[in-house]
Amino acid sequence: PMKRLLAALAAAATLSGCAISTQQEVQMGQQYSQQINAQLPIIKDPEVNRYINVLGDSIARLADSRDLDWKFYIVDAPDVNAFALPGGIIYVNRGLIERSAQMDELAGALGHEIGHVVRRHVVRDMQRSQGANIGVIAMCVLLNTCNDPLTQNAINIAGGAVFAKFSRADEAEADAEGVKNVVRAGIDPRGLPDLFRVLLDERKTKPAGVDAWFLSHPLEEDRITHTNALIAQIDPAILATLTKDSPNYQAFRKRLASLPHAPQSRQQQVP
């Protein structure tokens, strides 16, 4: 399966030498998504899928003018992580949702990932690394298996690095986009730094469940300071009107919690 996946990605790599159009970006995202969905434990429950897509689309459709067909998937993995593919396809781990106590925290994470797509960070990094194996990388990041020797060999990761991570500048840009994106959707942006604090606090007590997020989304106190500074520029009267939580979100979390977990062995494998 790994060889087949790498072969499927090879054609996209030829695009790396020239500018990638939106149409090509969408096609690449769809190709990677088909491969990822065949390999990862994607939650199929219609109710939770409807909610994550309604929430995600309410943020994304106001963030990008290219009329992308946004799709949001929940990976049945306990680690905290999320990943954006070219063309507007976002994956969120169950573990991230479980730690998002309020709707604005998950919305902030989605707004951040949407920001990576809007700013075309994934596409640019693919061009820079000559069509990096984004599909394989996404799988190992979401399942937290990037440090497995077989996975490293398959995706040519050297020295234990996860992959060509977004730079600090990219992360700061995606954070700024995330703040703007959720405000446009009528959601309180303070959920983003709130989520950062939750993850930082958990890292001190139970690092295993959140280390994957820190590897793929380098997170320090300065990102909390940065997002809070951006939020401080918003009129307090406007902030007071924005939504922090909703009964629908709590019903969504309760429904997700009621679903059986994927077998652990399945979560830990990247074929």
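## Strand pairing

Strand 2 and strand 3 (residues 89-93) pair in the antiparallel sense over 4 bridges; two strands are taken as paired if DSSP finds at least two bridges between them. Strands (E, at least two residues) and helices (H or I, at least four) are DSSP runs numbered from the N terminus. Across this pairing, Ile-90 of strand 3 is the bridge partner of Ala-84. The hairpin of strand 2 and strand 3 has 3 residues between the strands, and Gly-87 in this hairpin takes a positive phi near 85 degrees.

Strand 3 is also joined to strand 1, by 5 bridges, and these two strands run parallel. Here Tyr-73 stands opposite Tyr-91 of strand 3. Strand 1 is mostly covered, with 4 of its 5 residues buried, where buried means under 20% relative accessible area, exposed over 50% and partly exposed in between (1.4 Å probe, protein chains only). Strand 2 (residues 82-85) is covered on both faces: Ala-82 and Ala-84 are buried on one side, Phe-83 and Leu-85 on the other.

## Basis and confidence of the model

This is a predicted model, in which local features need pLDDT of at least 70 and side-chain atom pairs count only at pLDDT 80 or more, while totals for chains, interfaces and linings use all residues. Residues are numbered from 1 along each chain as its sequence is written, and side-chain values use heavy atoms, with hydrogens and water left out.

The mean pLDDT of the protein is 79, and 72% of its residues reach 70 or more; pLDDT is the predictor's confidence in each residue, from 0 to 100. A contact means heavy atoms within 4.5 Å. Where pLDDT is low, the predicted coordinates should not be read in detail.

## Overall composition

The protein has 15 helices and 3 strands. Of its 271 residues, 54% count as buried. Among the contacts with a separation of 6 or more, 75% come from residues 24 or more positions apart.

Helix 3 has 15 residues and reaches 20 Å from its first C-alpha to its last, close to the 21 Å expected at 1.5 Å a residue; the expected span is 1.5 Å times one less than the number of residues. Its buried residues include Val-48, Tyr-51, Ile-52, Leu-55 and Ile-59. The buried residues of helix 3 pack against strand 1, helix 4 (94-98), helix 5, helix 9 and helix 14.

The structure holds 5 aromatic pairs. Rings of Phe, Tyr and Trp (its six-membered ring) pair if their centres lie within 6.5 Å; planes under 30 degrees apart count as stacked, over 60 as edge-to-face and the rest as tilted. Tyr-51 and Tyr-249 form a tilted pair, 6.0 Å centre to centre with 50 degrees between the planes. This pair links distant parts of the chain, as Tyr-51 lies in helix 3 (residues 46-60) and Tyr-249 in helix 14 (residues 247-258), 198 residues apart. Tyr-51 counts as buried because its relative accessibility is 16%, and Tyr-249 is buried with a relative accessible area of 0%. Tyr-249 also forms a tilted pair with Phe-252, 5.7 Å centre to centre and 45 degrees between the planes. Tyr-249 and Phe-252 are 3 residues apart in helix 14, so they are separated by about one helical turn. Phe-252 is buried, as is Tyr-249.

## Helix 12

Helix 12 (residues 221-232) has 12 residues and spans 17 Å from its first C-alpha to its last, close to the 16 Å expected at 1.5 Å a residue. Its buried residues are Arg-223, Ile-224, Thr-227 and Ile-231. Seen down the helix axis, these fall within an arc of 100 degrees, so they line one face of helix 12; the arc is that of the directions from the helix axis to the C-beta atoms. Thr-225 and Ala-232, on the other side of helix 12, are exposed.

The buried residues of helix 12 pack against helix 5 (103-118), helix 9 (168-184), helix 10 (191-205) and helix 13 (236-239).

## A positive phi at Asp-67

Asp-67 lies in the loop between helix 3 and strand 1 (71-75). Its phi is near 55 degrees, a positive value in a residue other than glycine. Most residues other than glycine have a negative phi. Asp-67 is exposed, with a relative accessible area of 72%.
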